[in-house]
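Please read them with the model open.

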Amino acid sequence: MRKTVNKSLPYIVGILIGIVSFLPFTRPTSTAAFLTGFGKDSINQWNYYLDYGLESQNIWQRAYVSLLGLLPSASPEVIYLQTSFDDGGESLSGNCSYELSGEVPDARYWSYAIYGNDNYYLQDPNSLLDQPTFEDLFAQVTNGSELTSKIGENYIIKIDNNLMSQNGTLSHFGNDFTLILRIYGPNLNYYDNPTSIPVASINNEGCK
Amino acid sequence: MKSWTLKISLVALITHVLLIFMGPYIVMNQLDRNIADAIENPFEGCENTYEGIVGYLDQVCISKRSSTRMPNYDFMYTMCRYDLNNGDLFVSMPVPEDERYWVVHVHNNNTTVEFKINNLQIVDDRYEFLITNSNNQNEEIKTIQTTNKGTVFWRLLVNTADEITNLDEFRRTTVCEYR
């Protein structure tokens with residue numbers, strides 16, 4: 001018995017190490033972002049992704065993107081920018097109010113969406129329902145048609161709890177969150193010079 | 001001791017690479033299970049999501065499914081998950097005439113993009129293509145070669161919630177048919 005255990009132990013330990021080293025790729029982690037290169041490019045606090053669906057991606061990049069639950073668009077269809085931090089470098093918190101101010105990018109369409117740090121939708125933790133409503137979900141997205149589509153114009157988006165109307169606001173429903181800016185049909189110059197992508201500033205306007 | 005270290009390292013490496021390689025397939029299997037469950041046990045209000053293999057997904061119905069993360073809430077997604085063991089797949093879809101953002105991607109089973117086109121690149125009000133796993137190109141129709149299993153995935157922009165009914169009616173003329 002002891003002989004069998006001794007013989008199989010290195011294989012069991014090896015399999016366990018293999019599984020543990022795979023786990024960081026199954027969720028948004030800094031380890032996977034570092035190893036895949038997704039998340040290494042940034043403008044201020046915003047990480048940008050020019051091509052989530054690139055053809056030449058290696059198996060780690062492909063696994064990470066798919067395990068994040070994405071069927072990604074291919075370049076040059078969309079540019080994604082993501083952040084979990086305000087201008088002061090603090091994590092975006094469900095206890096705080098924020099003002100996001102930016103400039104309309106040169107693109108066919110742009111929108112901000114808000115997600116939990118697990119990349120799922122958010123709900124009010126104080127009145128949990130079995131399922132979200134359209135109102136819940138639309139409160140977590142805002143786009144050019146709600147604000148302005150005029151390229152170069154400035155916009156301001158309020159982020160707070162229970163901002164339900166579709167008038168250029170975002171609701172975090174009291175949850176810690178991450179923000180995604182999607183720029184669809186972007187000006188191709190952004191690919192040559194990514195630092196020219198206009199990114200927003202996020203000011204903390206107070207916490208409970 | 002040296003032999004143990006070597007064995008552990010080798011087994012760990014093989015396990016890691018195998019899992020990483022299988023990652024996209026694990027996700028697609030999860031998607032297949034979600035689709036089967038959505039057809040068999042639809043959530044309330046999601047009963048009309050699937051017509052044959054065409055999934056007319058809406059923001060609420062997909063947000064409840066575990067394989068869906070970070071959906072864009074102002075998109076209406078339409079999807080055909082196909083298996084070419086049933087034949088080549090003929091796809092026909094309506095294309096918005098206005099400036100409304102619309103794009104279709106065809107994904108291999110490992111999620112890589114095999115083909116994409118948006119509505120600014122299409123003149124007609126419908127777009128048709130054939131998906132096959134053979135090398136034969138059909139002269140009469142755009143032909144796309146993919147892996148046996150795959151996914152056709154449309155994104156259609158919804159600017160405001162009151163547009164949903166009309167846009168849902170518009171997209172429900174989509175055809176995904178084995179030939």
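Predicted model: local features only at pLDDT ≥ 70, side-chain atom pairs only at ≥ 80, totals over all residues.

1. The six-stranded sheet. Chain A holds an open sheet of six strands. The strand order is 1-2-3-9-5-6, and the pairing is antiparallel. Strand 1 (42-43) and strand 6 (141-143) of chain A are the edge strands. Each has a single partner strand, so one side of each has no neighbour in the sheet.

2. Strand 1 of chain A runs antiparallel to strand 2 (residues 46-49) of chain A, and two bridges join them.

3. The four-stranded sheet. Chain A also has an open sheet of four strands, in the order 8-7-4-10. Here the pairing is mixed. Strand 8 (169-171) and strand 10 (201-207) of chain A stand at the edges. Each pairs with a single strand, so one side of each is left without a neighbour in the sheet. From one strand to the next, the twist averages 20°.

4. Strands 4 and 10. Strand 4 (residues 96-103) of chain A and strand 10 of chain A run antiparallel, joined by six bridges.

5. Helix 1 of chain B covers residues 2-40, which is 39 residues. From first C-alpha to last, helix 1 of chain B reaches 54 Å. That is close to the 57 Å expected at 1.5 Å a residue. Where does helix 1 of chain B kink? The kink lies at Gly23(B), shortly before the proline Pro24(B), and is about 45°.

6. The interface. Chain B gives 56 residues to the contact and chain A gives 58 residues. Interface size is often stated as the accessible area lost when the parts come together. For chain B and chain A the buried area is about 5,000 Å², with 66% of it on carbon and sulfur atoms.

7. Salt bridges. Over all chains, the search of the whole structure finds ten salt bridges. Glu77(A) lies in the loop between helix 3 (59-67) and strand 3 (78-83) of chain A, and Lys116(B) lies in strand 6 (residues 113-118) of chain B, so this pair joins two chains. Their side chains meet in a salt bridge at 3.1 Å, N to O. How many salt bridges cross the interface of chain B and chain A? The rule finds one.

Terms used. Residues numbered from 1 in each chain as written. Chains lettered and ligands numbered in written order. Heavy atoms only, no water. Pairing = 2+ DSSP bridges. Expected span 1.5 Å × (residues − 1). Bend = angle between axes of the 7 residues up to and from the residue. Axes fitted to C-alpha atoms, helices over the stretch in contact; angles between N-to-C directions. Contact = heavy atoms within 4.5 Å. Buried area = accessible area lost by both parts, 1.4 Å probe. Salt bridge = Lys/Arg side-chain N within 4 Å of Asp/Glu carboxyl O.
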